[in-house]
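User: Please take me through this model by question and answer, and give the cut-offs behind each term as you go.

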Amino acid sequence: MELAGKVAVVSGASMGIGRACAEIFAENGADVAFTYGCHDDEAAETADRIRALGREVYYESSDAKDMSAIESFMAHVMEKFGRVDVLVNNVGGADTTPDTGFADMPFEYWVNQFNKNFFSAVRFSQLALRSMIPRRFGSIVNIGSVHTSRVINLDVMPYSCAKEAMNRLTKNLAVELAPHRIRCNVIAPGLIRTALTENRYDAAWWEAAYAKIPLHAAGEPRDIAELAWFLVSERSGYLTGQIIGVDGGRSL
């Protein structure tokens, strides 16, 4: 119970990686606050799992592209728990990609992708740090992507650029926050099998994808959550500013 008495905030935790992170933090003693998009039933299930572990939970539907919604959520977290000790900036995704090349890609799509995948992390981090810095304690884990290590799919160019910006943000924060004993790291997942990815692709797509991964398999949300737990625990106390790939070797 290394997180006993601590409060963890996870963005986008109704399912998949976010849910796995929320659960493993609760298993280790933390109360959990999380956001979600539109999956009400799944968010309620995540909350029920956290309560079943004996922990308190607060959750709220919040648009990651709306900075005022993030501010409102974090204000509610502070009202309920009074502190933030752990932050996982998990929310993100490429959404429906435009069927066009770079020259004709709508600029609005670029803006939406940066708001969702980068600026949401900026705002969540700013607000969480107002609680962490005075207490000289805290850890931020940003969920990046294998797409920053190599060009895999040109259709998700704005997504990969936003995640690369997150990598740079992480390194800068690691240096700035080191005197406050606050650490910041990135987990860069490869192909992870979640409800969303399973429903999006057919069997032929999965077979072709496995052929490009040295371990010939997709990861599971728990693979990411286990590393997130390590990164926010004292077991990784000398580790900050790192980008750690969890991708079955896809980035090699």
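User: What radius of gyration does the chain have, and why does it agree with a compact globule?

Analyst: This is a predicted model in which local features need pLDDT of at least 70 and side-chain atom pairs count only at pLDDT 80 or more, while totals for chains, interfaces and linings use all residues. Residues are numbered from 1 along each chain as its sequence is written, and side-chain values use heavy atoms, with hydrogens and water left out. The radius is taken over C-alpha atoms, and the globule rule is 2.2 Å times the number of residues to the power 0.38. For 252 residues a compact globule would come near 18 Å, which agrees with the value for the chain, 17 Å.

User: What percentage of the residues in the chain is buried?

Analyst: Buried means under 20% relative accessible area, exposed over 50%, and partly exposed in between, with a 1.4 Å probe and protein chains only. Of the 252 residues, the buried ones make up 50%.

User: In what order do the strands of the open sheet lie?

Analyst: Helices (H or I, at least four residues) and strands (E, at least two) are DSSP runs numbered from the N terminus, and two strands pair if DSSP finds at least two bridges between them. The chain comes to 8 helices and 7 strands. The open sheet has 7 strands with parallel pairing, in the order β3-β2-β1-β4-β5-β6-β7.

User: Which strands are the edge strands of this sheet?

Analyst: An edge strand here pairs on one side only.

User: Which residue is the bridge partner of Y36 in β3?

Analyst: Strand β2, residues 31–36, runs parallel to β3 and is joined to it by 5 bridges. The partner of Y36 in β3 is S61.

User: Which strands does helix α1 touch where it packs on the sheet?

Analyst: Contact means heavy atoms within 4.5 Å, and axes are lines fitted to C-alpha atoms, for helices over the stretch in contact, with angles from 0 to 180 degrees between N-to-C directions. Helix α1, residues 16–27, makes about 175° with the direction of β1. The strands that α1 touches are β1, β2, β4 and β6.

User: How many residues of α1 are buried?

Analyst: The buried residues of α1 include R19 and E23 as well as I17, I24 and F25. What covers the buried residues of α1 includes β1, β2, α2, β4, β6 and α8. The helix is largely enclosed by the rest of the structure, because the buried count, out of 12 residues, is 10.

User: On which sides of β5 do its residues lie, and are they buried or exposed?

Analyst: In a regular strand the side chains alternate between the two faces of the sheet. In β5, G138, I140 and N142 lie on one side, and S139, V141 and I143 lie on the other. Both faces of the strand are covered, and these residues are all buried.

User: Leaving aside its neighbours within four places in sequence, which residues is H76 in contact with?

Analyst: H76 lies in helix α3, residues 67–81, and counts as partly exposed because its relative accessibility is 28%. Once neighbours within four places in sequence are left aside, the contacts of H76 are Y58 and E60.
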